[in-house]
Amino acid sequence: MANIISDETIEYVGILAKLELSQGEQEQAKADMGRMLDYIDKLGELDTTGVEPMSHVFPVQNVFREDVVTNNDMREQMLLNAPEEKDGMFVVPKTFL
Amino acid sequence: MEVTDMTAVELSAAIRDGQVTAVEAAEEMLARIEERDGIYNCYVTVDREGALAQARAVQEKIDAGELTGPLAGVPVAIKDNLCTEGLLTTCASRMLENFVPTYTAEAVMNLRRAGAVILGKTNMDEFAMGSTTETSAYGVTRNPWNPAHVPGGSSGGSAAAVAAGECCFALGSDTGGSIRQPAAYCGMVGMKPTYGTVSRYGLIAYGSSLDQIGPLTKDVTDCAAVLEAISSYDKKDSTSVKRQDTDFTSALVEDVQGLRIGIPNDYLGEGLDAEVRAAVLQAAEELARSGAVVERFDLSLVEYAIPAYYTIAAAEASSNLERFDGIKYGYRTKEYTGLHNMYKKSRSEGFGEEVKRRIMLGSFVLSSGYYDAYYLKALRVKALIKKAFDEAFAKYDVILGPVAPTTAPRLGESLADPIKMYLGDIYTIAVNLAGLPGISLPCGKDRNGLPIGLQLIGDCFQEKKLIRAAYTYEKSRGPFGIGPGTEKQDGRTGGIPS
């Protein structure tokens with residue numbers, strides 16, 4: 001395997017991805033990601049000098065609209081989906097300790 | 001003929017003629033679901049009461065002459081990643097086990113306007129990540145042609161529901177083949193339209209630059225009718241394209257005289273099952289006999305489509321799935337210490353293995369230091385792939401090939417080796433990278449009686465050429481059978497021997 005994923009890398013990716021992996025999952029993730037990257041490295045065979053990255057297949061520009069509210073106030077229905085709500089608001093854990 | 005055996009166009013005509021009512025049609029479908037879904041598990045949610053209420057309302061409009069189209073009163077199943085107001089929408093994930101949307105996806109709204117009756121929500125690979133419907137948090141779906149086999153994925157529940165007669169047609173979504181491949185495995189017709197043709201508003205995003213909603217139907221006529229109904233310009237989707245040519249049913253013409261069809265040599269090489277190859281080439285011969293000009297050519301870059309796709313799709317997935325944080329909706333872990341721990345635990349417990357694998361990969365390829373080498377490199381390769389297709393479409397109207405290298409694998413054989421599973425997407429994935437339309441339709445069966453799919457790919461906005469070619473082929477092929485359970489009863493089965 002050409003790509004060896006270190007413990008530090010997988011921990012860093014875990015922080016970016018906001019995922020907490022168990023010891024076993026972490027080992028599996030290292031192996032999986034290494035294999036995937038070995039496979040993706042195939043793209044390196046192609047000379048892409050001077051080729052612009054294509055994020056969209058059509059030449060689209062930003063689509064603007066007036067900043068006007070068009071939807072209804074659905075606070076109650078939306079809060080029904082909240083894991084926790086109080087007084088018409090989402091409850092989150094304490095962020096300042 | 002039984003309601004459960006009819007196509008959408010046949011059923012809506014029967015309803016218009018008063019042979020059957022929309023309510024009776026919905027009741028028959030619900031009875032079929034009751035009878036069969038215990039075996040196939042096509043649905044995550046069946047909305048019995050809602051369907052009957054819709055059917056009653058639709059019948060009134062049909063009686064009043066307000067609804068006259070080909071989908072009026074026709075029961076439909078919706079993939080569970082399309083938001084439906086007031087109806088559970090899970091993406092087949094524990095993360096959204098109790099999510100009830102406050103709005104309906106635009107494509108589904110278009111179906112409702114056309115009078116279609118929504119029966120429920122179909123099973124899928126979790127967040128549409130998979131090729132077998134085995135990554136669902138709500139159990140596997142079984143292939144109606146043989147329950148020991150997968151229905152394909154990620155729109156496996158939709159394809160299987162149509163094949164089992166548990167709905168008249170269904171909507172799916174296709175990010176790398178997720179409509180076309182399950183359609184092929186289940187012997188149905190599936191279409192991924194040109195990017196931007198169907199609004200993505202209300203489709204829970206996986207790879208936004210690749211996702212497109214499309215129909216899964218019993219035949220090409222229904223495919224054109226459904227696509228015509230769901231296509232629309234939508235301000236709520238900033239990638240929506242204003243098209244004037246969405247009268248797709250006008251392309252249901254039996255004529256391929258002079259149509260230039262190219263078969264990429266790269267699509268017939270190593271890894272392709274011999275029976276699939278033979279059936280696809282026989283279909284090409286059939287089209288040639290009907291007057292098409294069929295040639296082989298080298299498409300090039302085919303082997304680079306999968307690594308480019310998985311880089312881009314994983315990157316977009318890692319970004320799109322950041323919204324699932326256990327605050328506004330979705331799963332929240334029971335015990336946690338502080339905000340970040342809550343995020344991490346909720347996501348780790350709420351997402352399944354394949355979803356986490358892709359989020360991790362996507363986070364990595366977008367991270368500082370690797371962004372250029374992986375993500376931008378993949379976008380450059382995407383530009384080259386698009387160019388290769390542009391060159392091909394300068395010579396050909398339609399590209400013809402297989403949908404998948406094999407017929408439906410047995411349950412439990414695919415997930416152990418992710419890369420091997422990803423390789424199964426080789427013939428479908430480049431279509432999404434280049435934004436092209438592609439249609440899948442049955443062209444034979446293997447020695448075990450499992451359906452084989454034929455894929456036709458068109459240039460951007462050329463769905464009509466695909467529909468014309470597919471319709472002509474379907475006519476010359478003859479009836480295929482609309483599902484295994486109906487074979488004995490109505491004699492519609494057949495297909496060309498493989």
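## Two-chain predicted model: folds and contacts

Buried residues make up 64% of the 498 residues in chain B, where buried means that 20 or more other C-beta atoms, placed from the backbone, lie within 10 Å of the residue's own. In chain A, 15% of the 97 residues are buried. The model is predicted: local features need pLDDT of at least 70, side-chain atom pairs count only at pLDDT 80 or more, and totals for chains, interfaces and linings use all residues. Residues are numbered from 1 along each chain as its sequence is written, with chains lettered from A in the order in which they are written.

**Chain A**

- Chain A has three helices and two strands, assigned as DSSP runs (helices: H or I, at least four residues; strands: E, at least two) and numbered from the N terminus.
- Along the sequence, these elements follow the pattern α-α-α-β-β.
- Chain A is more spread out than a compact globule, because its radius of gyration is 22 Å, well over the 13 Å that the globule rule gives for 97 residues; the radius is taken over C-alpha atoms, and the rule is 2.2 Å times the number of residues to the power 0.38.
- Along the principal axes, the C-alpha atoms of chain A fill a box of roughly 55 × 45 × 25 Å.

**Chain B**

- Chain B contains 16 helices and eleven strands.
- The C-alpha atoms of chain B fill a box of roughly 65 × 55 × 45 Å, taken along the principal axes.
- Of the contacts in chain B between residues at least 6 apart in sequence, 75% join residues at least 24 apart; a contact requires C-beta atoms, placed from the backbone, within 7 Å.

**Domains of chain B**

- Chain B is divided into domain 1 (3-301 + 383-490) and domain 2 (303-379), with bounds from an automatic or database domain assignment.
- The C-alpha centres of the two domains of chain B lie 27 Å apart.
- In chain B, 31 residues of domain 1 are in contact with 24 residues of domain 2.
- On the domain 1 side, helices H12 (371-395), H13 (418-423) and H14 (429-433) of chain B each supply at least two residues.

**Interface between the chains**

- 52 residues of chain B are in contact with 41 residues of chain A.
- Helices H9 (302-320), H10 (339-350), H11 (353-365), H12 and H13 of chain B each give two or more residues to the chain B side.
- H12(B) gives the most to that side, with eleven residues.

How values were computed:
A residue is buried if 20 or more other C-beta atoms lie within 10 Å of its own, exposed if 12 or fewer, and partly exposed in between; C-beta atoms are placed from the backbone. Two residues are in contact if their C-beta atoms, placed from the backbone, lie within 7 Å.
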